[in-house]
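Me: I am new to this one. Could you walk me through it, please?

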Amino acid sequence: MGFEQLASLRDQLAQQAAAEKAKKQEKKKQHQAPSADVDPVVQTIGQLQKRFPTIFPKSPNPKVPLKIGIHNDLVELSEQLGIAKEALLEAIKTWCTGNRYWACMVEGAIRVDLNGNEAGRVTKDNAVQAQRLKYRSQKKKPKKTEATPARQPPAAE
């Protein structure tokens, strides 16, 4: 094999490697790109979970009580996080609503700030309110019962 053939072979291999690298990068982008079907609030919560994994834990880990007014801290960081203020507020509202959050709201539980540091405690009133909300949400859910057969009209005699 001559030098020209080796140079040609080297160029072919370099082109193949570049093409494979481009395919891998394209696949990676496709996996990272959020689906159009995903709720924007869910996307925002996902961003918060990546940035603050301690205070926004992924399920099935229990949620932690957040500092009162933490939404103000997040709004101040909105530009740095690259998230719109309205999206942050909606995400916090959604995060703090639901049985998983209300379950962590027990009297004396430590509230945390964005750094995961203690920022107060859950008061008795907060805990009672959370239990009330949890009870209401469970009450609204229809209970699964076996279907009862429809009553037949009495037979005409």
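Predicted model: local features only at pLDDT ≥ 70, side-chain atom pairs only at ≥ 80, totals over all residues.

Me: Which residues form a nonpolar patch on the surface?
Reply: Phe3, Leu6, Leu9 and Leu13 do, with about 430 Å² of accessible area together. A patch is made of residues with over 30% relative accessible area and no salt bridge, nonpolar side chains (Val, Leu, Ile, Met, Phe, Trp, Tyr) being joined within 5 Å and like charges within 9 Å. Accessible areas come from the Shrake-Rupley method with a 1.4 Å probe, and for residues only the protein chains shown count as cover.

Me: Where is Leu9 found?
Reply: Leu9 lies in helix H1, residues 3-32. Helices (H or I, at least four residues) are DSSP runs, numbered from the N terminus.

Me: Why does Leu9 count as partly exposed?
Reply: Because its relative accessibility is 36%; buried means under 20%, exposed over 50%, and partly exposed in between (1.4 Å probe, protein chains only).

Me: Changing topic, how many salt bridges does the count come to?
Reply: The count is 3, a salt bridge being a side-chain nitrogen of Lys or Arg within 4 Å of a carboxyl oxygen of Asp or Glu.

Me: Which residue forms one with Asp73?
Reply: Lys67 does, and the closest N and O atoms are 2.7 Å apart. Lys67 is partly exposed, with a relative accessible area of 25%.

Me: And which residue pairs with Arg10?
Reply: Arg10 forms a salt bridge with Asp11, with 3.5 Å between the closest N and O atoms. Arg10 counts as exposed at 54% relative accessibility, whereas Asp11 is partly exposed at 41%.

Me: What about Glu118?
Reply: Glu118 forms a salt bridge with Arg121, the closest N and O atoms being 3.4 Å apart.

Me: How much space lies in the largest pocket?
Reply: About 310 Å³. Of the 17 residues lining the largest pocket, the closest to its centre are Cys96, Tyr101, Met105, Arg111 and Gln129. On a 1 Å grid over the protein atoms alone, a pocket is an open set of points where a 1.4 Å probe fits, with protein on both sides within 12 Å along at least five of seven lines; lining residues have an atom within 4 Å of a point.

Me: Which helix gives the most to that lining?
Reply: H7 does, with 4 residues.

Notes
Residues numbered from 1 in each chain as written. Heavy atoms only, no water. Helix = DSSP H or I, 4+ residues; strand = E, 2+ residues; numbered from the N terminus. Points joined across faces, edges and corners; volume = space filled by probe spheres on them.
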